[in-house]
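Colleague: I'd like to learn how to read pockets and annotated sites in a model. Could we work through one together?

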Amino acid sequence: MTSKWEELAADKRTRINESIPEEWRIKELPAGDCFFDFPAKSGLLSDQEISITESSATDLVQQLAHGDLKAVDVTIAFCKRAALAHQLVNCCLEFFPEMAIAQAKELDAYFEEHKKPVGPLHGLPISLKDQLRVKGLETSMGYVSWLGKYDTTESVLVTLLRKAGAVFYTKTSVPQTLMVCETVNNIIGRTLNPRNKNWSCGGSSGGEGAMVGIRGGVIGVGTDIGGSIRVPSAFNFLYGIRPSHGRMPYAKMANSMEGQETVHSVVGPMAHSAADLRLFLTSVLEQEPWKYDSKVVPLPWRSTEEEAIKSKIQDGLNLGYYSCDGVVFPHPPILRGIETVVSTLKSNGHTVVPWTPYKHSFGHDLVNDIYAADGNTDVFKDINASGEPSIPNIRDLLNPDKEPIDMNQLWDTHLKKWNYQSEYLEKWRELEERQGKELDAIIAPITATAAIRHNQFRYYGYASVINLLDFTSVVVPVTFADKKLDAKNDGYQPLSELDATVQAEYDPEAYHGAPVAVQVVGRRLSEERTLAIAEEIGRLLGNSVTP
């Protein structure tokens, strides 16, 4: 006999499946572990639809703005490919092609009448992580207890993207609670990595990573409180940016632990190129989001900051790097990825010097204490409300019996965070003083592993310490794990029990072909400069537009 929560979840799955038109349905799923190439070979997409969905967002908005493409044709193409994506990798919590096509027709009618686009994203389909509220749709966010609640308002970012001309067609899956870097919930189950169904797509914006990774989307919107934009970007060979808090509008989005103000979740894009990330950021900032969300810093896009970096690129950037944070040693593919970036930069005239991670063990422990400051009361309240079980990742990570801290302890935590941020900046300045020039950014791992096997993600510190510092971070795809190049170091002596667990997971055969990425870390609110550096690194690597 099924329980009430199982009935609710089954009903939701049925509704998602029924939203896919019959003519877009896959008759027989492909054999093997990789689904990456199937959409283009399925016969369900026309040549034009393949061309549209494999174009860049930057090219598409130009063609839409000149009338060379119609919004409805672009929207149908991405709706069809998203439908294929969901059937292959299970990535949608909402799919609403009829609403999207109706919106696209309105945009085409506007263009026909006014002979101009409504805004910089006119007719561009953008997929949304399920945290973003769209009027008339559910925002379950991976909790069964949130099913059946339909939004009567929209997130500010949705409003501003709509104002800029974006079209919405899907909201993608997230893990229960959002607090883990894999994507599995009790509503639709696990989202798979398109490149290998045995690998994680990342999390918590894993539905976005999978959707954009298989080109069911061209730009996806994710959020990041401990790596949730950057890990899915890395695991799906995408670019992604974690802006500093206050740069992008977060108001009216759903979240776990709402009101937690010590380490903020931030929202940002994931895409196949740095140029497409820039298109998203500039288009949102053009709408003056600080007039809609009181936490947004009134800071328009600063082209002068980009130009300053481009000038520096000619003379040579000054960058730091580290391969290990002193807590968990990365797997061989990640070490090779860091070395590839460092050697490429050096051979192109840039200065790259070692950076000593400052108290990353302290930062990792502090940010974990912050996440659990309420004794995990909030997330378990929403899990228990339906009677659904915790997903395995949550059982491994969060203790339901943990004691919450009191107000004075919270104030002390705020002070510890502020002191750590200030001390880190001091170390940054000290290196600059020794060198006699500005440190432009730091190259670092984003995870200790390439795209990881399911239920094996153990260490969040490479990402979460950056959240604690509130630095800007951009993910750059680098290469793929190679069993011939990335042999296991059998003589390695682990740094800790956690490190031993991470090292034991590595199997060169199992990880062959898994995406490898780095993050480019800049000071707080340095989005223009850090993105420009990331774009140059991608260009030098030959990954300026990812396949």
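Colleague: Which helices each supply at least two residues of the lining of the largest pocket?

Modeller: Keep in mind that this is a predicted model. Rolling a probe the size of a water molecule over the atoms shows where empty space is left. In this case, α13 (360-371) and α15 (392-397) each give the lining of the largest pocket at least two residues. The largest share, 4 residues, comes from α13.

Colleague: How many residues line the largest pocket, and which lie nearest its centre?

Modeller: The lining has 26 residues, with Asn368, Leu397, Leu398, Arg458 and Tyr460 nearest the centre. Sorted by class, the lining holds 13 nonpolar, 8 polar and 5 charged residues.

Colleague: And what about the second largest pocket, how much space lies there?

Modeller: About 450 Å³. Its lining has 33 residues, and Tyr250, Asn255, Glu261, Ser265 and Lys295 are the closest to its centre. Here strands come in: β8 and β10 (266-271) each supply at least two lining residues. The classes are 12 nonpolar, 14 polar and 7 charged.

Colleague: Now the annotations. Which residues does UniProt list as "active site"?

Modeller: The unreviewed UniProt entry gives Lys129, Ser204 and Ser228. Although they span 100 residues in sequence, no two of their C-alpha atoms are more than 10.7 Å apart, so they gather at one spot. From this set, Ser228 belongs to the lining of the largest pocket.

Colleague: Is serine 204 buried or exposed?

Modeller: For burial, compare the relative accessibility with the cut-off of 20%. Serine 204 has 2%, so it counts as buried. This serine sits in the loop between β7 (196-200) and α8 (206-213). Beyond its sequence neighbours, serine 204 touches residues including Lys129, Ser173, Cys181 and Ser228.

Colleague: Where does serine 228 lie?

Modeller: Serine 228 is in the loop between β8 (219-224) and α9 (230-235). With a relative accessible area of 4%, serine 228 is buried. Among the residues it touches are Lys129, Leu178 and Ser204.

Colleague: Which polar contact does the side chain of serine 204 make with lysine 129, and which one joins serine 204 to serine 228?

Modeller: Take them one by one. The side chains of serine 204 and lysine 129 meet in a polar contact of 2.7 Å. Another polar contact, at 2.9 Å, links the side chains of serine 228 and serine 204.

How values were computed: Residues are numbered from 1 along each chain as its sequence is written. This is a predicted model: local features need pLDDT of at least 70, side-chain atom pairs count only at pLDDT 80 or more; totals for chains, interfaces and linings use all residues. Side-chain values use heavy atoms; hydrogens and water are left out. UniProt positions are given in the numbering used here, feature names are shortened, and annotations may be inferred rather than shown by experiment. On a 1 Å grid over the protein atoms alone, a cavity is a set of points where a 1.4 Å probe fits but cannot get out, and a pocket is an open set with protein on both sides within 12 Å along at least five of seven lines; lining residues have an atom within 4 Å of a point. Buried means under 20% relative accessible area, exposed over 50%, partly exposed in between (1.4 Å probe, protein chains only). Contact means heavy atoms within 4.5 Å. A polar contact is a pair of N or O atoms within 3.5 Å; within protein, one must be able to donate a hydrogen and the other to accept it, and residues adjacent in sequence count only if both atoms are side-chain atoms. Ala, Val, Leu, Ile, Met, Phe, Trp, Tyr, Cys and Pro count as nonpolar, Asp, Glu, Lys and Arg as charged, and the others, Gly among them, as polar. Grid points are joined across faces, edges and corners, and a volume is the space filled by probe spheres set on the points. Lists of a residue's contacts leave out its neighbours within four places in sequence.
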